[in-house]
Amino acid sequence: MPSKIKPRLSRGVLDMKFMQRTKVKVDKEDDDEQSRALYSNEINAKMLNSNSNFIIEPSYTICAGLIDGRLSFRGMNPELELLMEQELAQKLAKVKPEQPKEVSDQDMAKAYYTNKAPSVANNMSKKFSTKNDLKRKQGNQKQQKPQFKRPRDEDDD
């Protein structure tokens with residue numbers, strides 16, 4: 001029985017301008033043939049005929065060591081990189097010890113509310129007031145020269 005030998009076009013014909021698509025197709029077939037010959041002992045018929053690119057694993061233990069979530073590199077998202085560094089530090093148990101506080105949280109809150117809270121309230125009221133309200137307030141108040149105000153001292157001894 002004669003073997004199936006496919007007739008091939010000559011190199012001269014394939015190099016012609018109108019045969020470029022056919023040349024690409026023939027080159028691709030040759031490459032496929034060579035790769036099949038090279039890996040013929042490793043590739044089975046099921047692999048050749050299958051269209052699926054998925055590998056089904058019976059267990060999820062393979063995913064245990066993977067990193068999860070979004071990634072950022074070379075300063076593209078500094079906030080995310082900071083979070084990644086913190087997570088890495090926690091995983092490696094190299095968490096930096098907390099520095100001792102010079103001022104307690106209660107003292108800081110007390111100082112903030114005694115000195116800053118009234119001005120914050122005024123700023124917020126300015127933000128939501130209309131132009132007419134602002135003109136009325138300025139009309140009622142005479143132009144006074146700003147004076148130094150001593151901070152309030154509230155000693156709770």
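This is a predicted model: local features need pLDDT of at least 70, side-chain atom pairs count only at pLDDT 80 or more; totals for chains, interfaces and linings use all residues.
Which residue forms a salt bridge with Asp15, and how far apart are the closest N and O atoms?

**Entry 1: Asp15.** I found Lys23 as the salt-bridge partner of Asp15, with 3.0 Å between the closest N and O atoms. I then looked up the accessibility of Asp15: its relative accessible area is 43%.

**Entry 2: the tally.** I wanted the total next, and the structure holds five salt bridges.

**Entry 3: Asp30 and Arg8.** I went on to Asp30, which pairs with Arg8 in a salt bridge whose closest N and O atoms are 2.9 Å apart. I was pleased to see that this pair links distant parts of the chain, 22 residues apart. Asp30 sits in helix α2 (residues 20–38), while Arg8 belongs to the segment before α1 (11–14).

Buried or exposed, I asked of Arg8? Arg8 has 56% relative accessibility, so it passes the 50% cut-off and counts as exposed. For Asp30 I noted a relative accessible area of 25%, which makes this residue partly exposed.

**Entry 4: a network.** Which residues are linked with Arg8 in a network of salt bridges? I noted Asp30 and Glu33 alongside Arg8.

**Entry 5: Asp105 and Lys101.** My last stop was the salt bridge between Asp105 and Lys101, where the closest N and O atoms lie 3.1 Å apart. I checked accessibility here too, and both Asp105 and Lys101 are exposed.

Key: Residues are numbered from 1 along each chain as its sequence is written. Side-chain values use heavy atoms; hydrogens and water are left out. A salt bridge is a side-chain nitrogen of Lys or Arg within 4 Å of a carboxyl oxygen of Asp or Glu. Helices (H or I, at least four residues) and strands (E, at least two) are DSSP runs, numbered from the N terminus. Buried means under 20% relative accessible area, exposed over 50%, partly exposed in between (1.4 Å probe, protein chains only).
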